[in-house]
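Welcome! Please take a look at the sequence and the structure below, and then read on for a short tour of its side-chain contacts.

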Amino acid sequence: MDNKPDGQDASTTDNPELAHKRDVFHAWMLEGLDFSLPWDMPMLTPVEAHPTALVPFSVAMHERWCDFDCFVHFYEDDFRFERVWNDPHKYLSKLSKFEGVIMPDFSTCIDFPRPLKMWNCYRNKTLGAWWQEQGLAVIPNARHQPGCDWLIEGLPRESVIAICGRALVKDVAERRRFVRDVRATVDMLCPTAIVYYGSDLYGVMDYPRSLGIPVWAYPGCGRGALDGGKRGQR
């Protein structure tokens, strides 16, 4: 007797990776994860890590890239790393060669429709939590917006976290919002240290530093170069 659900054939159930590719919602990635309340975001566990350097995902995945003494980050245009969501298994082996990864950063821009922001937030945390389950060192990536508590929900307290200020510092209005959101993030998560990617001008990270929280700054570099040099800048 065939007890498989309607529409599911033996070739699918006997080949988990094929079944995963047919699961467009990636429900298989949630097995064994814990979820936050009230928004059911996958939860990441605390991590203590100080990246030697950072490299963008699209550069790190190049076949000629062979410097693994760094963390992979996703602070680049979404189209450059959409593929890691579409086929997570494909990139797991290469990512596992690095010191670790920073949780993905699918865009949650302030002017995006809320459902799109929530979907991208969910994808970021699902990939990050799944990678942790696979044994990768994953630094949670924190973004905050007023009225969007689900952006922070699921991220661990008292952990090293990553914050990106790329393109958020030069404009005065953007900078004020960014400084406000950094303060809110720090107050909610009480991080043990911050991996900061972006311009460290104008005192944008003064608040965590005033609390004695180490801020390791990694200014962005050109494509193909390690970001922030070795161990970042304090």
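## A pair within one helix

R177 and E174 are about one helical turn from each other, because they are three residues apart in helix α7. Helices here are DSSP runs of H or I with at least four residues, strands are runs of E with at least two, and both are numbered from the N terminus. The side chains of R177 and E174 meet in a salt bridge, at 3.5 Å from N to O; the term stands for a side-chain nitrogen of Lys or Arg within 4 Å of a carboxyl oxygen of Asp or Glu.

R177 counts as partly exposed at 32% relative accessibility, and E174 is partly exposed too, with a relative accessible area of 27%. In these terms, buried means under 20% relative accessible area, exposed means over 50%, and partly exposed lies in between (1.4 Å probe, protein chains only).

## About the model

This is a predicted model, in which local features need pLDDT of at least 70 and side-chain atom pairs count only at pLDDT 80 or more, while totals for chains, interfaces and linings use all residues. Residues are numbered from 1 along each chain as its sequence is written, and side-chain values use heavy atoms, with hydrogens and water left out.

## Other salt bridges

The structure holds five salt bridges. One of them joins R143 and D105, 2.7 Å from N to O. R143 lies in the loop between β4 (138–139) and β5 (160–164) and D105 in the loop between β3 (100–102) and α6, so this pair ties together parts that are 38 residues apart in sequence. R143 is partly exposed at 25% relative accessible area, whereas D105 is buried at 8%.

D200 and R209 also meet through their side chains in a salt bridge (2.8 Å, N to O). D200 is partly exposed at 29% relative accessibility, and R209 is partly exposed at 28%.

## Aromatic pairs

How many aromatic pairs does a search of the whole structure find? There are 11; rings of Phe, Tyr and Trp (its six-membered ring) pair if their centres lie within 6.5 Å, with planes under 30 degrees apart called stacked, over 60 edge-to-face and the rest tilted. The rings of W28 and W130 have centres 5.4 Å apart and planes at 90°, so this pair is edge-to-face. W28 sits in the loop between α2 (16–22) and β1 (54–56) and W130 in helix α6 (residues 114–133), so parts 102 residues apart in sequence are tied together. W28 is buried at 13% relative accessibility, and W130 is buried at 5%.

The rings of F178 and Y196 are tilted, because their planes are at 35°, with the centres 6.2 Å apart. This pair links F178 in helix α7 (residues 172–189) with Y196 in strand β6 (residues 193–197), 18 residues apart. F178 is buried at 7% relative accessibility, and Y196 is buried at 0%.

## A cluster and two charges over rings

F57, F74, F81, Y91, F106 and W131 make up one aromatic cluster. The charged end of R123 sits over the ring of F106, 3.8 Å from its centre; here NZ of Lys or CZ of Arg must be within 6 Å of the ring centre and within 35 degrees of the ring normal. R183 lies over the face of Y207, 3.9 Å from the ring centre.

## Two parallel strands

Strands β6 and β7 run parallel and are joined by four bridges; two strands pair if DSSP finds at least two bridges between them. V195 stands opposite W216 in β7. From strand β7 (residues 215–218), V215 and A217 point one way and W216 and Y218 the other, and all are buried.
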